[in-house]
Number of protein chains: 2
Amino acid sequence: MAEQKTHEQIFVITALKAWEQWQGRATKFFDSLSDEQMLQEIARGKNRPIYLLGHLIAVNDAMIPQLRLGEASYAGLWDTFVTKADRAVTDLPPISELRENWKKLNAHLDAQFKLLSPIQWLERHSTVSDDDFAREQHRNRLAILLSRTSHLSYHLGQLMLLNK
Amino acid sequence: MAEQKTHEQIFVITALKAWEQWQGRATKFFDSLSDEQMLQEIARGKNRPIYLLGHLIAVNDAMIPQLRLGEASYAGLWDTFVTKADRAVTDLPPISELRENWKKLNAHLDAQFKLLSPIQWLERHSTVSDDDFAREQHRNRLAILLSRTSHLSYHLGQLMLLNK
């Protein structure tokens, strides 16, 4: 029952709802694109949806190690979709495979997120030292989730400019 | 001292840091544009930065009544920059005035946000009824802040496509 939730639980639920909302919007958008549209640039000389899909998979997947929850599943995509710019790599994975990776990753993230207690969300993320974290307690797992939520909406805003 | 903060305080600080970070990035971007660039469309037929600046002022300002913290200061911008599309209104406020509004609004929002206790952030926002809120406690003030943070990054992603 909602009445029995602690304040700490409600903070986490609120942040996870925001994540799920943007994740759902992005999924709906990618699902609405044909494979041909996935290869059409958003604006002249700008990224293509296929690149941004790979980029979002790589960046969101990297949350797993950043949250100290294990290993990334799609680390092989980082170089193509984060380090390098769109079109720098011509040999991209098939679009169908990226679509599948996106769905599997989202299910995996959601399952992992549900395992963390509110207090665990406030523990440090992997790229802050214990010493720095003692001084800056906002550099916690929740900060990673909020940052990746807004990173997702940042790129969804760009994707919405595509002339469909 | 960081050591003395409650968990509830840290949740709020983390969310406010995320808001401040995107707000700062947007300010830096708008400050980097000349008045001429403010009138240049992001991509062919898409919004101009002047429109998105007015849009962000109107939407972020509307947080004040949504958070039940008082009246909006720039409600007069809503029709031009939210209800209507870019270029539907030709008589826009001067760019210098919008730039000034943006800075004043951000200072006002930050001051108002600091007055809320963690428990007050978990109170209902203005567009949910008491009955609905009893069942859905994530429809709180914090949800509005997280939503507007990602709305800001959504449009900043678009602005970054401008050919400067």
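Ala, Val, Leu, Ile, Met, Phe, Trp, Tyr, Cys and Pro count here as nonpolar, Asp, Glu, Lys and Arg as charged, and the others, Gly among them, as polar. On this basis, the lining of the second largest cavity in the predicted model consists of eight nonpolar, no polar and no charged residues. The residues concerned are Phe11, Ala15, Leu142 and Leu146 of chain A, with B:Phe11, B:Ala15, B:Leu142 and B:Leu146 from chain B. Two or more lining residues come from each of α1 and α8 of chain A and from each of α1 (7–32) and α9 of chain B. The volume of the second largest cavity is about 30 Å³.

In total, two cavities of 30 Å³ or more were found. At least two lining residues are supplied by each of α1 (7–32) and α8 (141–159) of chain A and α9 (141–159) of chain B.

In chain B, helix α2 spans residues 35–38 and includes B:Gln37. This residue counts as buried because its relative accessibility is 18%, and buried means under 20%. Apart from neighbours within four places in sequence, the contacts of B:Gln37 are with B:Ser32, B:Pro49, B:Leu162 and B:Lys164.

Definitions and conventions: Residues numbered from 1 in each chain as written. Chains lettered and ligands numbered in written order. Predicted model: local features only at pLDDT ≥ 70, side-chain atom pairs only at ≥ 80, totals over all residues. Heavy atoms only, no water. 1 Å grid on protein atoms, 1.4 Å probe; cavity = no way out; pocket = protein on both sides within 12 Å on 5 of 7 lines; lining within 4 Å. Points joined across faces, edges and corners; volume = space filled by probe spheres on them. Helix = DSSP H or I, 4+ residues; strand = E, 2+ residues; numbered from the N terminus. Buried < 20%, exposed > 50% of the residue type's maximum accessible area, 1.4 Å probe, protein only. Contact = heavy atoms within 4.5 Å.
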